[in-house]
Amino acid sequence: MVRLLLAICFLPCAVMATPSMRTLLTNGDFLKPITVMEQLEQQDEGTISDFDVDVEEGLLVYKISMVNVDKHQISKYQYRALDGALLAEKSSAYVSDDIGQVNAAKLLQAKHMKFSELVTLAIKNQQGYLTQAELDHDLSISYLELKLLNQDSKNTIAFDIETLRPLPLLKWD
């Protein structure tokens, strides 16, 4: 009897639980992140510096930051992963905390590469779903840090922008 009462009390909570990111990603009903990145790169004159996947109200949302070096500005966008619809957009001047991303974005521009191309190259031989990608500059190295979610775990890798190779010293699981 007690078990039945507990089940009745907690069943509504289980039914209303938000699906996990893993569940939503394995379901497959979403645009690939690279597709959304490429669309933004065609529309905006900046360089993507940050990409993140989030779950909001049970839906996958892509959050993308774009640096415009000439205007000293960072624009932040949110897209619904299901269809690529723009949900939110805001821009502001970048601050000192953003300098690592700005320096890495400058190197990417100097190499005449787009963020989406760099990400594609970095995940070429990797397994899993891209959940985060961020440009950074530290210890005189400009790199792309990526997080991939696969069936068993989350993997983080770093990819050198200058040499276009993985950074084994910064690779960890």
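Okay, quick definition before the tour: helices here are DSSP runs of H or I with at least four residues, strands are runs of E with at least two, and both are numbered from the N terminus. Two strands pair if DSSP finds at least two bridges between them.

What you see above is a predicted model, so local features need pLDDT of at least 70 and side-chain atom pairs count only at pLDDT 80 or more, while totals for chains, interfaces and linings use all residues. Residues are numbered from 1 along each chain as its sequence is written, and side-chain values use heavy atoms, with hydrogens and water left out.

Let's begin with the strands. β1, residues 47–56, runs antiparallel to β2 over nine bridges, and one of the bridge pairs is Asp-54 with Val-61 in β2. The two make a hairpin with two residues between them, and Glu-57 in that turn has a positive phi of about 55 degrees.

On to β3, residues 73–80, which is antiparallel to β2 over eight bridges. Here Asn-68 has Gln-73 of β3 as its bridge partner. This hairpin has four residues between the strands, and His-72 is the one with a positive phi, near 50 degrees.

Now α4, residues 99–110. Buried residues in α4 include Gly-100, Ala-104 and Leu-108. In general, an α-helix has 3.6 residues a turn, so residues three or four places apart point the same way. The cover over the buried residues of α4 includes β1, β2, β3, α5, β5 and β6. Just past α4, His-112 has a positive phi of about 55 degrees.

Asp-44 sits 24 residues from Asn-68 in sequence, yet 8.9 Å away C-alpha to C-alpha. Setting aside neighbours within four places in sequence, Asp-44 is in contact with Met-66 and Tyr-77, where contact means heavy atoms within 4.5 Å.

Definitions and conventions:
Buried means under 20% relative accessible area, exposed over 50%, partly exposed in between (1.4 Å probe, protein chains only).
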